[in-house]
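Take a look at it first, then read on.

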Amino acid sequence: MARAFTEKAKNEQLANHTGSSAVQRGSTCNRCGGLMVNDSYIDLLNNVGEAKFAAKRCVQCGEVVDPVILRNRATTHEAMMAPPGRVLSI
């Protein structure tokens, strides 16, 4: 009975919890297996001013992943898996 009450209280706390980072269940880091949370960043090197963007950050190892990083990793992986081209000698 106490366990059921504890589970109910825990679920109510999770439902009422609001924070700066929304956690999605099942979101784990590919590097270390830690918890990934949504985070927002500001790009200060952009020539036209500030640009805000969203990314996921691992709370355990600090890995940051955004759509650009994922696209670049996919492109690099495809290039590595492609058959080697002919080497031209000069």
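## Arg-73 and its partner

Arg-73 counts as partly exposed, at 41% relative accessibility. In this predicted model, its side chain meets that of Glu-63 in a salt bridge, 2.9 Å from N to O. Arg-73 sits in helix H2 (residues 67-81) and Glu-63 in the loop between E3 and E4, so this pair ties together parts 10 residues apart in sequence.

Glu-63 has another partner: the side chain of Arg-31, in a salt bridge of 2.4 Å (N to O). That one links distant parts of the chain, as Arg-31 lies in the loop between strand E1 (23-28) and strand E2 (35-43), 32 residues apart from Glu-63. Put together, Arg-31, Glu-63 and Arg-73 form one network through shared partners. Glu-63 is buried, with a relative accessible area of 11%, while Arg-31 is exposed at 56%.

## One more bridge

The whole structure has three salt bridges. One of them joins the side chains of Arg-57 and Asp-39 at 2.7 Å, N to O. Here strand E3 holds Arg-57 and strand E2 holds Asp-39, 18 residues apart. Arg-57 is partly exposed at 27%, and so is Asp-39 at 21%.

## The chain as a whole

Starting from the N terminus, the elements run α-β-β-β-β-α. Of the chain's 90 residues, 11% count as buried.

The average pLDDT is 74, and 58% of the residues score at least 70. Confidence is lowest in helix H1 (residues 2-16), with a mean of 54, and highest in strand E4 (residues 64-65), at 94. Over residues 17-24, pLDDT stays under 50.

Key: Residues numbered from 1 in each chain as written. Predicted model: local features only at pLDDT ≥ 70, side-chain atom pairs only at ≥ 80, totals over all residues. Heavy atoms only, no water. pLDDT = per-residue confidence, 0-100. Helix = DSSP H or I, 4+ residues; strand = E, 2+ residues; numbered from the N terminus. Contact = heavy atoms within 4.5 Å. Buried < 20%, exposed > 50% of the residue type's maximum accessible area, 1.4 Å probe, protein only. Salt bridge = Lys/Arg side-chain N within 4 Å of Asp/Glu carboxyl O.
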